[in-house]
Amino acid sequence: MKSTESGVLKKSDFYFSSPSPTARRLFYCPVSAGHFYCRKGYHLVRDNYNSLLVTHIISGSFTFMLHGKPHTAREGETVILDCFRPHEYYTEDAFESVWLHFNGLNCLDMYEEIIKSEGNIITCSDPQRTEDLLFRIFDAIRSEDRPSEFTLSMDIYKLFAELLNPLHVSRKNKASYEESIQEAKRYIHENLKEGLTVQGIADSIHMSPSHFSTVFKQQTGFSPYDYVLITRLNRAKSYLQKTDLSIAEIAEETGFNSESNFIYFFTKNAGLSPNKFRRLRF
């Protein structure tokens with residue numbers, strides 16, 4: 001359908017989507033999608049649209065307000081905004097974009113994860129794939145022969161994956177980082193019994209702690225601290241199933257500073273105590 005908003009050119013197009021109760025409960029759900037051409041004068045202010053917005057800038061510039069300050073995205077960049085809250089965006093010249101409003105599942109948690117490391121403007125590792133995914137969803141919504149809601153949800157999940165895998169470094173540098181992170185992971189596994197620190201792990205691969213933490217999270221999806229804890233948990237599970245070590249011995253072997261701390265952490269994360277886990281049969 002055609003937009004009548006001021007500043008939106010007539011060749012622009014957008015469509016709505018209404019999810020089923022099952023989709024609202026289980027899936028990511030498109031709310032609306034469009035392909036817009038806008039000129040100076042386009043300006044939207046809205047209190048709430050119960051959705052997230054992802055818009056990929058094909059050409060021109062797109063400005064949005066965040067905490068009272070303007071932020072501008074340009075050609076090839078992608079913007080994600082929380083439209084559950086008051087929001088405002090406009091153009092100071094002109095732009096072409098393909099966009100999607102959607103909600104459902106843990107979309108706000110995914111949004112927070114993205115902006116925590118990338119902010120609201122993202123340069124994806126493959127901007128063309130991001131654009132293609134948005135057009136794929138847009139074409140699906142406007143089609144009379146729509147794909148299943150599950151398929152649409154999977155496409156939105158793929159879109160999240162693109163936003164969580166931004167372009168930070170050249171392929172050459174990325175390869176060298178991968179090697180360094182693999183070395184850091186080996187160091188963690190080999191020294192799990194010790195009192196591991198971010199400083200110590202970073203020193204082992206000759207990186208600053210802050211830079212190491214950023215690169216490690218980008219490469220693995222975990223902070224160094226969380227990775228150490230998960231590795232300790234997995235090794236403890238293996239000891240419980242494959243050895244006769246006591247709970248106190250396992251706590252020591254996996255780097256916990258006390259048996260009680262180990263039992264508390266294990267129970268909280270595994271959902272049952274170490275002794276109950278040991279009695280399970282696989």
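How many aromatic pairs does a search of the whole structure find? The model we are looking at is a predicted one, and the search over the whole of this structure returns 21 aromatic pairs.

A pair of aromatic rings is described by the distance of the centres and the angle of the planes. With that in mind, take Phe222 and Tyr227, whose rings lie 6.2 Å apart centre to centre with 65° between the planes, and which form an edge-to-face pair. The two partners can be set side by side for accessibility: Phe222 is partly exposed, at a relative accessible area of 35%, whereas Tyr227 is buried, at 12%. The second pair is that of Phe256 and Phe265, with 5.5 Å from centre to centre and 40° between the planes, and this one is tilted. Here Phe256 is buried, with a relative accessible area of 13%, and Phe265 also counts as buried, at 13% relative accessibility. Elsewhere in the chain, Tyr42, Phe62, Phe64, Tyr89 and Phe95 are linked by ring pairs into a cluster.

As for handedness, H2 passes H4 in a left-handed crossing.

H4 has a further partner in helix H3, residues 127-142, and these two pack at an angle of about 160° with their axes 10 Å apart. Because that angle is over 145 degrees, H3 is roughly antiparallel to H4, and the crossing of H3 and H4 is left-handed. From H3 the contact draws on Arg129, Thr130, Leu133, Leu134, Arg136, Ile137 and Ala140, and from H4 on Thr151, Leu152, Asp155, Ile156, Lys158, Leu159 and Glu162. In the contact of H3 with H4, seven residues are nonpolar, two are polar and five are charged.

Is Leu159 buried or exposed? Leu159 has a relative accessible area of 1%, and is therefore buried. Setting aside neighbours within four places in sequence, Leu159 is in contact with Val54, Leu100, Thr130, Leu133 and Leu134. For Leu159 and Leu134, which are 25 residues apart in sequence, the distance from C-alpha to C-alpha is 7.7 Å.

The remaining helix pair is that of H8, residues 224-242, and H10, whose axes come within 11 Å and cross at roughly 95°, so that H8 is roughly perpendicular to H10. On the H8 side the contact is made by Leu229, Leu233, Ala236, Lys237 and Leu240, and on the H10 side by Phe262, Phe265, Phe266, Asn269 and Ala270. The classes in the contact of H8 with H10 are eight nonpolar, one polar and one charged. Phe265, then, belongs to this contact as well as to the tilted ring pair with Phe256.

Helix H10, residues 259-270, also holds Lys268, and Lys268 counts as exposed, at 61% relative accessibility. Between the C-alpha atoms of Lys268 and Asp155, which are 113 residues apart along the chain, the separation is 33 Å.

Finally, a word on the backbone. Most residues other than glycine have a negative phi. Asn50, however, has a positive phi, near 50°, and sits in the loop between strand S3 (43-46) and strand S4 (52-66), where Asn50 is partly exposed at a relative accessible area of 45%. Which value does phi take in Leu105? Phi of Leu105 is near 40°, again positive in a residue other than glycine. Leu105 is placed in the loop between strand S8 (94-104) and H2, and counts as partly exposed at 49% relative accessibility.

Technical notes
Residues are numbered from 1 along each chain as its sequence is written. This is a predicted model: local features need pLDDT of at least 70, side-chain atom pairs count only at pLDDT 80 or more; totals for chains, interfaces and linings use all residues. Side-chain values use heavy atoms; hydrogens and water are left out. A crossing is left-handed if the near helix is turned anticlockwise from the far one by less than a right angle, and right-handed if clockwise. Helices (H or I, at least four residues) and strands (E, at least two) are DSSP runs, numbered from the N terminus. Rings of Phe, Tyr and Trp (its six-membered ring) pair if their centres lie within 6.5 Å; planes under 30 degrees apart count as stacked, over 60 as edge-to-face and the rest as tilted. Buried means under 20% relative accessible area, exposed over 50%, partly exposed in between (1.4 Å probe, protein chains only). Axes are lines fitted to C-alpha atoms, for helices over the stretch in contact, and angles run from 0 to 180 degrees between N-to-C directions. Angles under 35 degrees count as roughly parallel, over 145 as roughly antiparallel, 65 to 115 as roughly perpendicular and the rest as oblique. Contact means heavy atoms within 4.5 Å. Ala, Val, Leu, Ile, Met, Phe, Trp, Tyr, Cys and Pro count as nonpolar, Asp, Glu, Lys and Arg as charged, and the others, Gly among them, as polar.
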